[in-house]
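Student: Could you walk me through this structure, one piece at a time?

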Amino acid sequence: METTAWLVLAFPLAGAILIGLLAQHVPAKLTGYLGTLAIGGAFVSAVLTFLSLQGREEEARQVVFVGWDYARSVGVDAQISILVDPLSVLMILVVSGVSTLIHLYSVAYMESDQGYARFFAYLNFFVFSMLLLVLAGNFMLLIVGWAFVGAASYLLISFWYRRTTATKAGIKAFVINVVGDVGLVLGTYFIFKHTGTLDFLGTFDSVERDFEGSTGDLTAGCLLLLVGAFAKSAQIPLHTWLPDAMEGPTPVSALIHAATMVTAGVYLIARMHPLFEQAPAAADTGAIIGAVTLLVAGTIAIVVTDLKRVIAYSTMSQIGYMIMGVSAGAYVAGLFHLMTHAFFKALLFMAAGSVIAAMGGRQDLDSMGGFRKAMPYTFACFCIGGLALAAVPPFSGFFSKDEILLDLGAEGGWHWVLYVAGYVGSLLTAVYTFRLIFRAFFNDPVPEAQELMDGHLHHPAEAANPATGETEDTDVGFPGADHHIAEQSPFMRVAMGILALGAIVGGFIQIPKVTHGLESFLDPTFARSEIEVEPSDGLIYFGLVLGAVLGLLGIAIAYRIWVQKPGTSAAIQARLSVLHKLFSNKWYFDELIELVVVRPLSWFGRFGQQTFERIFVNGALVGGTTGLVRAGSAAVRAVQSGYLRSYAALLLGGLAVVGFYFLLQA
Amino acid sequence: MTLHLSLLLWLPALAGTLGLLLPGRLTARALALLGSAGALGYAISAVIDFDRRAGGLQYVTDETWIRTLGIHYKLGMDGVNLFLVLLAAGLFTASMLWAASREWERPKLFFFHMGVGHTAVLGALLAQDLALFVAFFDLMLIPFFFLTGIWGPARTRVTAVTKLVIYTLVGSLLMLSAAIATAVLAAEQNGTELSFVLSDLQKLRLGAGTQDWIFLFFAAAFLVKMPMFPVHGWMPDGYRNMPLPVLAVFSGVLSKVAAYGFLRIALPLFPDAAVQFQDLMLLIALASILYGSAMAFTTTEARLILGYSSMAQLGFIVLGIFALNDRGAQGAVLQAFNHGLVVAPAFFVLALLAARAGGSEDIRDMGGVALRAPVLAVLFLIVALANLAMPGSANFVGEFYILLGVFQDKPVYAILAFTGVALASVYTLRLFIRAMHNRVGPRVESSDLKVADGLVLVPLVLAILAVALYPQLPLEKGEKTVVASVAAARDLAGPPAAIGATPVAQPPKPVSGAAAWMEAAAAAEAAAAAGGAPGVEEEPAP
């Protein structure tokens, strides 16, 4: 098991380095296959690790493997060590599995991009980072993986780096992620201060004893860990980078901003559950923020008109469910939703990528429509993903979302607020998901769809950045000469087909009162959890029915507004103009941050630059100096600059003579 | 193994002098390069050979120099200067190699000064006698005075050099008088014979009141040299006027010598004063971090971005030193090494970028180089990520130790300093993006790295990667003596830290307020990012 676990990390890293080194010397096509193979290798290793873990006694399913001492000194025990247990194995299976499919999809989707090899090198590095994050056996390595993921994400978001919108989005994502890193590091400090170890298992073993009488520090530590989780998982108020991250190529959106990176926060809270259970205030904060995020993101998703951004906000909202779940103690349910969401969200993004390609790179819903007949395969995939997202039975999202809300309902207490919020969000989800489907695929075909039905893929005359309208610099890639759509590419079809299958059947692993596959698998990790809930039969059946009804109701509403009576949405907008303005301005979070942080900071910078440096540093402190220089400069000019030189030469010579004298004296 | 530190010390100056005297167009560069490379080889063998279990100095050379004054020619290595010597030798070699492939006016003189500068730096690092330290510390100024004054841009170099000299001379004079006072008063107060040897002085502790002003004099000299806020007035002009290979070693090594001075002289000799002024020093460090960061992301001159960024990074080093505990000191020593290793290649990259942007070092004139220069882009990316102390780099390990050390005893400073960590990512990435990404600047002619430049940059980047993979080596080699260098101050500052291996129940601390504050700060930093890089400059019109 030790070898296979390390191989999970070694394959993607080797892939990234190899592609990087070979890029200039081999045909580009090869790098795509190489990258896919590397991640495939990681997936196979993950499966082998899974099998050998299952072959062990249940009590022995948490194993630490130590590579080498990393920075071990003066009581800080930072090692390169990985922790293999059901939780990390679930994560590596999901991450490497979905990533393999996304690589496969990219092999075709990115085919005509100038930066093909670079793309796969980045993608491999990203997967390596994510796997490192989930396999890390101590805080130091966790932080490393955490930051690598942020850096890889930055590279991929600004992949088309001649677009200023892309580089701006990249730096925004990176910096917000660094804020998250800072939270994580500080949180680690608070915890390390009492436990004296960075090792996870060592920390968890003695939580209760170490923090006896100082729960304040533990709460502070956990809150800071949450800052890290929020930044990576795009939870309010650290979410503003995620929608902008859609500047990256669509497979990136699928990989990072849906299936893997953004789930890191969920993983973190689940991993740290022994800490959070001792710090209920922090756990409650996480649950509340999750609930708020899922609602806010849901309302924005209803009004945004950019295809990818709608899905991005839906991701934010679904991650909100997961964060809410794992924070409130519904660990298995939260991770279950993480898994099913990885399938159907990757699928949705892939289908969206196909539509965007058919549109020649344009993403706005307003100019889409009628793609149903032109792209039947994409349409079918989009519907499967959409039904799973809208939580319609028997699709996977139905069971996983239901499980979270069921646990919250069974916990009782004030958690019923979360329970209600979850169901409100459920309705919103169904509405915005099918708004997307109805607007893109129904009604009259737009010219691009018509063109496709005539057997020809639309190519814009001149590629332009949809956000700014400026002409694209196609040197660095997209949009290249060709686009690829799922209908015509076997690679893309296979990748989407497998994910569609997962989106349909993925939920059967864990059905209330029927199967408990995931729960029993994850049990060794959560064995020591003190949270036990036994939902009553009534609650189970009520939840199942309510979830199904809300999902179908949402679809019906969307159908009514966007298909049956196309004018309705404008009418609603007019009547609720205040709300519409709030939602379509994304609740003014960007503006708020601008006002509170950016303005004061740039004021401070300008003050320093223009006032402080000029007056204080150049004036008061060296006023004499500059005066001296001005007065002396005439003299200097008189004897030319040689004067300075000879002066200093004298100094050097003098020093040498003095030194020599003392040397002789000695 | 016996290593003769005198050989290491004088080799570069000797090679420089020979180059000056011998005829031949290429002799000077070849000799200077050989001299530095020899020193580097020597430093590497010292690192390999160094016994981490032994306490105290190794490879000691001790000769009486001026008997009547008690001044010794004493050199030695321990964990505090081991990796700094390696850094100095490495960076000077890289710089010489860089300079050797370029044309200089009066090349012999140039390489002579570089050689003398190298020896002066090594001398300051190796000296184990206070007078010897002061002599080498001041000697450092002279070659750099020439290098700036002769080879800087003609229009502005006089102002720059004057500022540099006045600032550092004031510092040097203070230090000289403080050094003399230290030895004289130590001998007087303890009734012993006059001695400048550090190990002797360490045993003869001065009275607390005396320590205070002497400490401040030393601190002033070191702070000016680094430089720290608010005595950085010479820095912008100084940085603007130094030729880039000179600046690479100046920023990479000379600033570290000052930080090293705190650990070698100020903390062991004046522990009471160090404790007394701990908060003052932490405040100066913090101000440098914040001010340096704010300046770095408002200026558009690439040199000054790196200059102010160095100021902020040195702030972290001082923060670590004045945590006055083991972890802070370990982090500071590691970080001094790391920062030098990162900032020097950054300046080399900057030279290449300027060459591609029609000679301009303003980031508004750069852009879009990455496509035609992928190798350069990758190297710069690694350097940039290391500079912003991304986890996974050794710089992060250094910062982790420093801030952990500060957090232990002075949590508020640590929390505030974390703002600097987030800001570092803004200004560093801003530089990277403006140079490498976005639209191609109007005057930009991009081309990839030439072999000669690659010979300098690639080894430096490989060294960054190596130490990123195994920061354990510098940490464990230095541990014993680094800990010893802060021991006196640490023991005075408070009871031995209860944190770490033996968890002890501690009184609950009012952290909730701090935590809430922290979240606010974190959100604030996020916003800085959200607005892109705020600054005085405007986007150039397309």
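Tutor: Pro394(A) is partly exposed, because 14 other C-beta atoms lie within 10 Å (20 or more would be buried, 12 or fewer exposed, in between partly exposed, with C-beta atoms placed from the backbone). This is a predicted model, in which local features need pLDDT of at least 70, side-chain atom pairs count only at pLDDT 80 or more, and totals for chains, interfaces and linings use all residues. Residues are numbered from 1 along each chain as its sequence is written, while chains are lettered from A and ligands numbered from 1 in the order in which they are written.

Student: Where is Pro394(A) found?

Tutor: Pro394(A) sits in the loop between helix 18 (376-389) and helix 19 (396-411) of chain A, where helices are DSSP runs of H or I with at least four residues, strands are runs of E with at least two, and both are numbered from the N terminus. The C-alpha atoms of Pro394(A) and Ala548(A) are separated by 9.2 Å, although the two are 154 residues apart along the chain.

Student: New topic: how do strand 1 and strand 2 of chain B run?

Tutor: Strand 1 (residues 58-66) and strand 2 (residues 71-77) of chain B run antiparallel and are joined by 6 bridges, and strands pair if DSSP finds at least two bridges between them.

Student: And which residue is the bridge partner of Thr64(B)?

Tutor: The partner of Thr64(B) is His72(B), in strand 2 of chain B. This hairpin has 4 residues between the strands, and Gly70(B) takes a positive phi near 70° there.
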